[in-house]
Amino acid sequence: MVYCGKPSRGCQMCRTRRIKCDETKPTCLQCQKSRRPCPGYKDDFDLVFRNETQATERRARKANTGKKVHPTVTFTGAHTSFSTAPELIIEDGSQALNTPSSDSDTFMGFGPLPALTIPVDQQAPCYFMSNYVITPRHAARGYFDFLMPMLKSENADSPIALAFSAVALASLAGRPVGRGTRWFGDSCLQYTKALRAVNLALQNPAQQLKDSTLASIIMLSFFENMASERGNASAWFSHVEGAVQLVKLRGKKQLRTKIGYSLFVCVRNAMVIQCMSSGKPPALGSEWWISDLANDDIGVFTIKLNLHVAELRHEINVALATYSRSPENFQNVVNLMKRAQAMEQEYQDWEASLPDEWKPRTVAWVDQIPGGEISKAEVCPGKVDMYEDVWLANTWNHSRVARLFISGSIVRCAAWICSPVDYRTTPEYAQSVRLCVDLVTDIIAGIPYHLGWRVGSNGTLATPGDMSSPSTSETFSCPKALGGFFCLWPLFAINNSDYTSDSQRNWTKGRLHWISENLGMKHAKVLSLFQLRLPSMVIRRDCMLHTPPSAQMIAAAAARSTSHGAFSPPTSHSPISNSNSNSNSPISVDPRGNSWMPSSPSNGGLGIGLTGPYTLNPLQQREAMQREAWEKERNSLLKKASNSGGDSVERLVRAYLAV
């Protein structure tokens, strides 16, 4: 214990903010005015004496930066007991990690101990199991908990064994310790073998409905997140769609076993993200995926919300792309907007009904980042939230992302209704801004928990580097690498949101890079390249289909027709009139049945469509000019959203925006 002199008796929040606390109990007025949660006051003993044990350990750990921590082997016999640090060699075919010899090597007359060799095919499964597999605890679900019992009963050349080997090697190869090794090449070789084995199993009616076949496809899709550095996510989409089709063939009887239900949950979670990112409705409808769920599970409502939001977004995409601006369609769009508002109200009612232990709690507040490099900071300025476990944290963030999409749908409908008036003047937009700014802040506040930050038993906030301390040993059941995987979808959503500030977006991109470099999920770096801005870019896409041609466009079309003698359609999809079908009549009829009088200088026309086999009536001229303007706007939109990331990233953006 260290005597620290006369301390400040203010609350922890005011001490962190470095302002004078009025020491009002139970909460100070400074925190109430700033609408921050007051953490309370320390007792008199903690004010006078401070435990410096952990601070001393951290300083010693920083002094030894770059040195590897090696296991200690303790030998216990009838007369002697001593410890020594053996030599640890990682068998990868290219490098080894050796500890320096110590005086204990020759203690009691013993010579140096032989090197401890751990083959990589044994390291990789242990690493994956300890970092990505969690078992059910309390109200939360497990994740990949079907692997352990399944691998025990399968052969080494089975599809699930090969797929698991590929994922385990890829997860270890992506870490800094795996760079420069042949582990990634070995994982790709195992991936190829697993693909071949899965295809053979799908062709066999006796094996295609087995749990191991579905688990193999889930592992192959997870491999794409670990190893794919391409902007093209078609492989991941293909694996997820294949898993969904297999779940449909297996039917509801798969829910009768624990392993079958766990597989079903994994496929459903992947399908939800696929539907949200691609704008497609869930296969078989949302009710098929949630009809047999237990009502007391915390994740039930979140799954329902995500599935219903995916269905609503698909309906809105179809409506705003095909509806004409008629009174009947205006009412249909209003009804869609009311459905989205009802979903938001339903979520607020659900959140108010949750018990306190399921809600996040704010444990710290960060005002500024030392050094000012926010992209490299582990915590974004603002609050830091903690949760009961990593599954609860993931459930909260998925529900917040769904609410971001709900608000975006409401604003899209309002923009379509009020067009051509600026949608940012509507009350729906103002309400969406207030809500989504808070949602982005809440998602960011929970990211440090996903990436290893915890509150120890002594009440201090421990960083991932302090995980070896006794006060944070209880967090081993929440793997940091799996938390990073759970972060990908929320970070991608807020990185492409209109309501994220520039500093928050830079911090988000920095976290995606950190996950890619330190946790080995290479696809995170691809996600950081996107420059989508939602919902403004989608609203811009919606307006592209209904924008009337400007006076400049009409004048340019008239000038082209006058100089060339005819106006040719830019694409083969434009309807054309057949001037040879009725050459004696001055009225031409196009394939749609519209009759028109060709314009000429004598009747005061613009001179469009006078000669040539391809002549356009005024309606077709308008459609051609709209299509030309749409193509120009589309190219500009894709260029901004892809951030010059190449054709592969542009294909993803094109699918995401449905253009």
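Where is Pro-420 found? Pro-420 sits in the loop between helix H15 (390–418) and helix H16 (427–450). Helices (H or I, at least four residues) and strands (E, at least two) are DSSP runs, numbered from the N terminus.

1. Basis of the model. This is a predicted model, in which local features need pLDDT of at least 70, side-chain atom pairs count only at pLDDT 80 or more, and totals for chains, interfaces and linings use all residues. Residues are numbered from 1 along each chain as its sequence is written, and side-chain values use heavy atoms, with hydrogens and water left out.

2. Cis peptide bonds. Most residues other than glycine have a negative phi, and most peptide bonds are trans. The bond from Ser-419 to Pro-420 is cis, with omega near 10 degrees. The bond from Leu-534 to Pro-535 is also cis, with omega near 10 degrees. Pro-535 lies in the loop between helix H19 (523–527) and helix H20 (536–544).

3. Positive phi. Arg-18 is not a glycine, but its phi is positive, near 60 degrees. Arg-18 is in the loop between helix H1 (12–17) and helix H2 (29–33). Arg-35 is not a glycine either, and has a positive phi of about 60 degrees. Look for Arg-35 in the loop between H2 and helix H3 (44–48).

4. Accessibility. Buried means under 20% relative accessible area, exposed over 50%, and partly exposed in between (1.4 Å probe, protein chains only). Arg-18 is exposed, at 76%. Arg-35 is exposed, at 80%.

5. Helix packing. Helix H7 (residues 159–173) packs with helix H9 (residues 211–227) at an angle of about 20 degrees, and their axes are 8 Å apart. Axes are lines fitted to C-alpha atoms, for helices over the stretch in contact, and angles run from 0 to 180 degrees between N-to-C directions. H7 and H9 are therefore roughly parallel (angles under 35 degrees). Residues in contact (heavy atoms within 4.5 Å) include Phe-164 and Val-167 in H7, and Met-219 and Phe-223 in H9. By class, this contact has 14 nonpolar, 3 polar and no charged residues. Ala, Val, Leu, Ile, Met, Phe, Trp, Tyr, Cys and Pro count as nonpolar, Asp, Glu, Lys and Arg as charged, and the others, Gly among them, as polar.

6. A buried asparagine. Asn-329 is found in helix H14 (residues 327–352). Asn-329 is buried, at 12% relative accessibility. Leaving out residues up to four places away in sequence, Asn-329 touches Tyr-323, Ser-324 and Trp-416.

Technical notes:
Angles under 35 degrees count as roughly parallel, over 145 as roughly antiparallel, 65 to 115 as roughly perpendicular and the rest as oblique.
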